[in-house]
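Please look over the structure below.

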Amino acid sequence: MTYKLGISRLDELIGDIKSGTNIMMIGPPISGKDDITNIIAYQGLLDANAAVIVSTREPGNNVLEWFERYNLDVPMDRIGIVDCVTRTLGFGAPDTDNIKMASSPVDLTGIGVKISQFFEHFWMEMHLRETRLCINSLSTILMYSNLQTVFRFLHVFTGRIKAANALGIYVIEEGMHDERTIVTLKQLFDGMIEIREGEEGYQMRAVGFTPKPTPWFDYEIDGANIVLRG
Amino acid sequence: MMETGIPKLDDYLHGGVPMGKTLVYYAYPGVEGTVFGMQSLCHAMSNGVSGVYVASSTEPHRIREQFNEFGWDAEEYGDQFAIIDAFSGLIGADSHERYVVADPEDTRSLTQCIKNAMEDLREPGVIVFESLSTVMDLCGESETLDAIEEWNQYAMLYDHAMIYNFTAWPYSDDTLLSIKEDVCDSTISVGGIAGEVIFGQYFGVLKANWTDVIRKCVLFKVLKPGGVRAYIPKILVTGPFDAGKSTFVHALSTRAVSVDRLGTTIALDHGHVDHKGFAADIFGTPGQARFDPIIKLISGEAMGVFLVLDSTRAEDFARGRQMLEITRSFGLPVVIIANKQDCDGTLTLEDIRGKLDMPENMVIMPAVATTGEGVFEAFETLIDMVMEVG
């Protein structure tokens with residue numbers, strides 16, 4: 001049981017990602033991390049995986065609209081979103097089949113319950129054995145909760161990813177946190193996708209999957225595709 | 001004594017929580033623990049007890065919506081219900097609650113509000129914490145443990161019951177042990193059956209210092225509306241052809257479906273029962289011998305069995321007994337349904353026992369599935385038997 005990111009050059013270089021892997025994606029603001037996260041989730045849907053996206057930055061409906069915007073053929077019965085935003089905006093939206101509402105990004109207990117419910121549903125009722133969990137982003141959660149709290153939460157859920165043979169992607173905003181925070185959180189992950197600002201735009205590389213990091217690649221996001229150059 | 005309103009839990013606690021005592025719902029991450037405190041609060045208020053809810057990770061108006069989602073209207077209790085808002089201050093939002101914690105990251109600020117609320121309660125009431133773990137995350141582990149001691153002393157002084165929802169994130173071993181074993185008079189474990197994923201939830205009493213603990217685990221489901229329901233994942237309904245199994249399943253179920261041809265079940269009946277705090281999925285087998293291979297498949301992992309018999313057809317009883325063998329039901333709790341009690345030529349329960357050659361302790365209950373008479377009494381009896389085994 002292995003996974004691919006859906007980012008072609010990186011996938012070629014790092015090969016198949018083994019099940020149970022937890023990946024931190026870290027990069028500067030406005031570098032396209034939301035798109036990249038959704039593209040990785042979409043690759044999972046193409047590979048007949050289930051995808052669970054925890055959205056702490058925008059309402060769950062906006063995440064679904066991203067897939068609609070690019071006319072992607074999304075199997076709705078295999079996608080679940082934990083929406084940590086809508087209810088903090090004062091809307092009393094009920095849970096739907098695809099979107100479960102958490103009270104707020106502070107409510108890690110509630111977020112954890114919703115993630116577990118989606119995992120149970122996909123495993124027990126849909127008999128799906130490959131699931132991707134994308135948390136976008138940890139930085140928002142860190143705004144409301146201290147490092148220790150978030151570490152404890154991640155300690156549990158990175159373990160659950162391993163137990164479920166799933167793939168975990170966790171997004172962090174570079175520059176928002178001190179070095180100690182990043183170093184502490186890194187302990188929990190098996191690999192990283194690093195993003196930096198290059199001379200002609202943004203660059204990315206993968207770290208921790210091969211003995212040496214991959215080279216830095218300039219990239220462009222074209223709709224639901226990432227084009228790597230160099 | 002204050003009932004918790006959680007099915008079976010009050011039996012295990014011999015009536016509930018005495019006023020002045022404290023209870024913690026000790027939930028494992030990913031398991032639906034918060035609803036336990038909410039349900040206990042609403043149940044207590046419905047019995048005339050005043051309630052205070054300490055909101056630490058949800059906005060107060062959202063808390064009220066959550067209560068409504070479960071079918072509990074906290075507002076109907078008027079002044080009998082209050083929220084201590086320990087959340088709005090965290091996100092810099094305004095609050096219109098009677099009690100607002102100025103600094104949710106300081107236990108002293110929270111303690112002051114709790115003390116005020118306790119003093120304002122005219123009679124012994126209940127204080128429920130939405131999430132003790134969030135308080136601990138914000139205020140620190142040792143500070144929170146110290147504060148709990150203080151809150152519990154106030155509760156004892158004013159004869160209020162304290163209920164904490166706690167999620168057992170990986171805090172220090174000492175903290176977890178303290179919450180689990182020391183700080184409260186009673187601990188209810190709320191856990192998950194975990195393999196690759198959490199595929200079932202249970203609760204059980206770990207400790208209650210006012211009574212002898214009944215150490216049994218109860219599987220549960222959380223329904224909206226409804227709240228915590230003791231849950232039996234599989235109850236089998238079997239019996240000879242035309243005994244009324246499908247009718248029995250449909251009479252019991254809030255929703256049910258049958259795979260049949262011209263009214264005869266050819267694959268299975270499936271129904272979901274939600275009755276008096278208990279939920280169960282029930283599976284009915286076909287009755288004809290040619291379906292015996294399917295019956296074996298359907299019957300695996302059942303926790304209890306209804307054997308439905310047509311009380312007027314003694315000639316089918318041997319087949320009924322045979323079906324208990326096919327479904328490997330011996331050893332499981334079994335209730336025999338003496339159906340069609342409204343028809344002419346009905347045998348008495350003792351006649352049926354004799355013709356089946358069943359022992360005295362085998363439960364046989366009369367029913368008329370077409371009218372629903374006796375079906376819920378039989379369900380309650382089987383649930384009690386399953387819970388006794390559990």
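This is a predicted model: local features need pLDDT of at least 70, side-chain atom pairs count only at pLDDT 80 or more; totals for chains, interfaces and linings use all residues.

## A negative patch on chain B

Four acidic residues form a negative surface patch: Glu143(B), Asp146(B), Glu149(B) and Glu150(B). Glu143(B) sits in helix α7 of chain B, which covers residues 141-158. Its relative accessibility is 39%. Glu143(B) is therefore partly exposed, since that class lies between 20% and 50%.

## Helix α7 of chain B

Helix α7(B) has 18 residues. From first C-alpha to last, α7(B) reaches 26 Å. That is close to the 26 Å expected at 1.5 Å a residue.

Which residues of α7(B) are buried? They are Glu141(B), Thr144(B), Leu145(B), Ala147(B), Ile148(B), Trp151(B), Asn152(B), Tyr154(B) and Ala155(B). An α-helix has 3.6 residues a turn, so residues three or four places apart point the same way.

## A nonpolar patch across two chains

Met124(A), Ile193(B) and Phe199(B) make a nonpolar surface patch. Its area is about 230 Å². Met124(A) belongs to helix α4 of chain A, residues 108-125. With a relative accessible area of 36%, Met124(A) is partly exposed.

## Cis peptide bonds

In chain A, the bond from Asn136(A) to Ser137(A) is cis. Omega there is near 5 degrees. Ser137(A) is placed in the loop between β7 (131-136) and α5 (138-144) of chain A.

In chain B, a cis peptide bond joins Lys224(B) and Pro225(B). Here omega is about -5 degrees. Pro225(B) lies in a loop of chain B, between β9 (217-223) and β10 (227-238).

## Positive phi in chain A

Asn71(A) is not a glycine, yet its phi is positive, at about 50 degrees. The residue is in the loop between α3 (60-69) and β5 (79-83) of chain A. Is Asn71(A) buried or exposed? Asn71(A) is exposed, because its relative accessible area is 70% and the cut-off for exposed is over 50%.

Asn165(A) also has a positive phi, near 55 degrees, and is a residue other than glycine. Asn165(A) is found in the loop of chain A between α6 (147-163) and β8 (167-173). Its relative accessible area is 27%, so Asn165(A) counts as partly exposed.

How values were computed: Residues are numbered from 1 along each chain as its sequence is written. Chains are lettered from A and ligands numbered from 1 in the order in which they are written. Side-chain values use heavy atoms; hydrogens and water are left out. Patches are made of residues with over 30% relative accessible area and no salt bridge: like charges are joined within 9 Å, nonpolar side chains (Val, Leu, Ile, Met, Phe, Trp, Tyr) within 5 Å. Accessible areas come from the Shrake-Rupley method with a 1.4 Å probe; for residues, only the protein chains shown count as cover. A salt bridge is a side-chain nitrogen of Lys or Arg within 4 Å of a carboxyl oxygen of Asp or Glu. Lys and Arg count as positive and Asp and Glu as negative; His and the chain ends are not counted. The place of a charge is taken as NZ of Lys, CZ of Arg, CG of Asp or CD of Glu. Helices (H or I, at least four residues) and strands (E, at least two) are DSSP runs, numbered from the N terminus. Buried means under 20% relative accessible area, exposed over 50%, partly exposed in between (1.4 Å probe, protein chains only). The expected span of a helix is 1.5 Å times one less than its number of residues.
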